[in-house]
Amino acid sequence: MSPPTMSGVLAVIGAGPAGLAAALEAARSGLKPRVLDQHRQVGGIARTELVRGYRLDIGGHRFFTRVPPIQRLWEEALGPDFRLTRRLSRIFYEGKFYRYPLDLGETLDNLGPWRSLAAVASFARARCRPRGPSETFEQWVTHRFGRYLYETFFRTYTEKVWGISCRELRADWAAQRIRDLSLLTAVRHALWPSRGVGPRSLIDQFHYPRLGPGMMWERLRDQVEQSGGTVQTQQEVTEIHHRSGRVVSLSLRHMDGRTTTLPVAEAISTMALDDLIVRLRPAPPAAVIEAARSLRYRDFVLVGLVLRRPGLFADNWLYVHSPEVLVGRIQNFGAWSADLVPDPQASCLGMEYFCNRGDRVWSMTDGDLIRLAAQELELLGLAPRHCLDWGAVIRQPKAYPVYDPHYQRHLETIRSWLTTLANFQTIGRNGQHRYNNMDHSMLTGVSAVHRVLGEDTDPWAVNVDDSYHEGRAAPKGVGP
Ligand SMILES: Cc1cc2nc3c(=O)[nH]c(=O)nc-3n(C[C@H](O)[C@H](O)[C@H](O)COP(=O)(O)OP(=O)(O)OC[C@H]3O[C@@H](n4cnc5c(N)ncnc54)[C@H](O)[C@@H]3O)c2cc1C
């Protein structure tokens, strides 16, 4: 890498995975990055919240990557605290567990002979027919797996996650996250399940920090600071000032209400694009503001429940397809790492509700949400309500950038205007309105820094491949 020539501050907005990866790369390249985050702790959506000694992961963050430098970075950061964890995640539907990724043999067994026949016939029909257009999620899945499997294993859960019809949801997400399989492969896996494509280890195990994902970001923050950068929390970037095609300064609001101005030579932002656009001074053209306003997000409520009963189920998480409950997924934190749950006689579950800010679920009081979660757990037959010891609620806005029919157009409008700012880049998940996982969010940060250093790189070129796809028999992730 060329020696750094930049004088002045490299500001990084956001201390989530993308911002910290950018800062670490910059600091190790001899720059002095200054990371600013509005939250009280680092890690962004991938932080770990500590409540009464219990550690709650906002969603259950599996560390999985096919990018060796990111894997190395994770391993170096945590050493023995970066542990391999056995994976078990199943779909809970109509009172039955279905292994996930789907195991064809078990699925057919659970469905019983008649429904199995219908599923196989529908699958075979889909595979033998010429494939029509796959513009929506529904088309993408039905053309590959048949309508029966789509209705049974994809539709309800996907609509819970995104809050829009699968007919409206673009196929991009499916193409990015679900592994296609040929009829032949499916049959082979049903008959000889152990002969998987790809290494089994990627499916059956994953890495996880001993104290949850937040441990990784705290370590990265320390490394940034040890390498000459700074990471400041509870500092909100309220305005981004630009002149003659360059960002010149940021306005910061501190915890005590003070506001200050930070002159910058370069800036990299991980904040959501709609938040960013309204903070630009002078304001961008009306069409850009309108495009930013039109981007949609899905929000997320995590209800942590501590129950006086250990070993409720073995899974790391369950996908709850059952339409009679609102909960979409249930994390079993002790199965991720026993160190998240200080009392071995207790279980700590994360009941995940996908919602929109201001809707019924988002607006419920914490007490009502805890009651709802405990009731639904009982209704699903997973734990009686009286086992509940206490609960805690975490609301996470903008957990998912939504791929609706118009997002690409809006994104293009925003992106092309942002290129007029020569020393400014947007990275990460909401910074690119892309369904990036932690590794790809981090890679966009690394790429942005290389660009600052004069290399011909493009953070927007990260994550356009199929490297998420893992597993042998079936779709990898109906879940986020
Ligand atoms: C439920 C769920 C489960 C997930 N599971 C996985 C998984 O298993 N594996 C995986 O790899 N990925 C997973 N992800 C994705 C992962 O969380 C994201 O890829 C990652 O957190 C994105 O990092 P980021 O730095 O781009 O953004 P963020 O994590 O959103 O961080 C952005 C940061 O910017 C700060 N910020 C925003 N605006 C301002 C402002 N104006 N001023 C100052 N600071 C600001 C925020 O406070 C935040 O800390 C999951 C996500 C969700 C929602």
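Reader: What does contact mean here, and which residues of α8 does α2 meet?
Author: Contact means heavy atoms within 4.5 Å. This is a predicted model. On the α2 side, the residues are Leu73, Trp74, Glu76, Ala77 and Leu78. In α8 they meet Met215, Met216, Trp217, Arg219, Leu220 and Gln223.

Reader: How many residues of each class does the contact of α2 with α8 have?
Author: Glu and Arg count as charged. Leu, Trp, Ala and Met count as nonpolar. The contact of α2 with α8 has two charged residues and one polar residue, and the nonpolar ones come to eight.

Reader: Are α2 and α8 roughly parallel or roughly perpendicular to each other?
Author: Helix α2 spans residues 68–78 and helix α8 spans residues 213–226. Their axes come within 9 Å and cross at roughly 85 degrees. Angles of 65 to 115 degrees count as roughly perpendicular. Therefore α2 and α8 are roughly perpendicular.

Reader: How is α10 set against α14?
Author: Helix α10 covers residues 286–294, and helix α14 covers residues 407–418. Their axes are 8 Å apart, and the packing angle is about 135 degrees. That angle makes α10 oblique to α14.

Reader: In which hand does α10 pass α14, and which residues make the contact?
Author: The crossing of α10 past α14 is left-handed. From α10 come Ala287, Val288, Ala291, Ala292 and Ser294. From α14 come His410, Thr413, Ile414 and Trp417.

Reader: How many residues in the contact of α10 with α14 are charged?
Author: Asp, Glu, Lys and Arg count as charged. The contact of α10 with α14 holds six nonpolar residues and three polar ones. The number of charged residues there is given as no charged.

Reader: Where is Pro384, and is Pro384 buried or partly exposed?
Author: Pro384 lies in the loop between α13 (366–379) and β19 (388–401). Buried means under 20% relative accessible area. Pro384 has 22% relative accessibility, so Pro384 counts as partly exposed.

Reader: Which residues is Pro384 in contact with, beyond its neighbours within four places in sequence?
Author: Sequence distance is one thing, and space is another. Pro384 and Leu307 are 77 residues apart in sequence, with 9.4 Å from C-alpha to C-alpha. With those neighbours left aside, the contacts of Pro384 are Arg309 and Glu378.

Reader: What share of the 480 residues of the chain counts as buried?
Author: The chain's secondary structure comes to 15 helices and 20 strands. Take contacts between residues at least 6 apart in sequence: 73% join residues at least 24 apart. The chain exposes about 19300 Å², and carbon and sulfur atoms supply 51% of that area. The buried share of the residues is 58%.

Notes: Residues are numbered from 1 along each chain as its sequence is written. This is a predicted model: local features need pLDDT of at least 70, side-chain atom pairs count only at pLDDT 80 or more; totals for chains, interfaces and linings use all residues. Side-chain values use heavy atoms; hydrogens and water are left out. Helices (H or I, at least four residues) and strands (E, at least two) are DSSP runs, numbered from the N terminus. Buried means under 20% relative accessible area, exposed over 50%, partly exposed in between (1.4 Å probe, protein chains only). Accessible areas come from the Shrake-Rupley method with a 1.4 Å probe; for residues, only the protein chains shown count as cover. Axes are lines fitted to C-alpha atoms, for helices over the stretch in contact, and angles run from 0 to 180 degrees between N-to-C directions. Angles under 35 degrees count as roughly parallel, over 145 as roughly antiparallel, 65 to 115 as roughly perpendicular and the rest as oblique. A crossing is left-handed if the near helix is turned anticlockwise from the far one by less than a right angle, and right-handed if clockwise.
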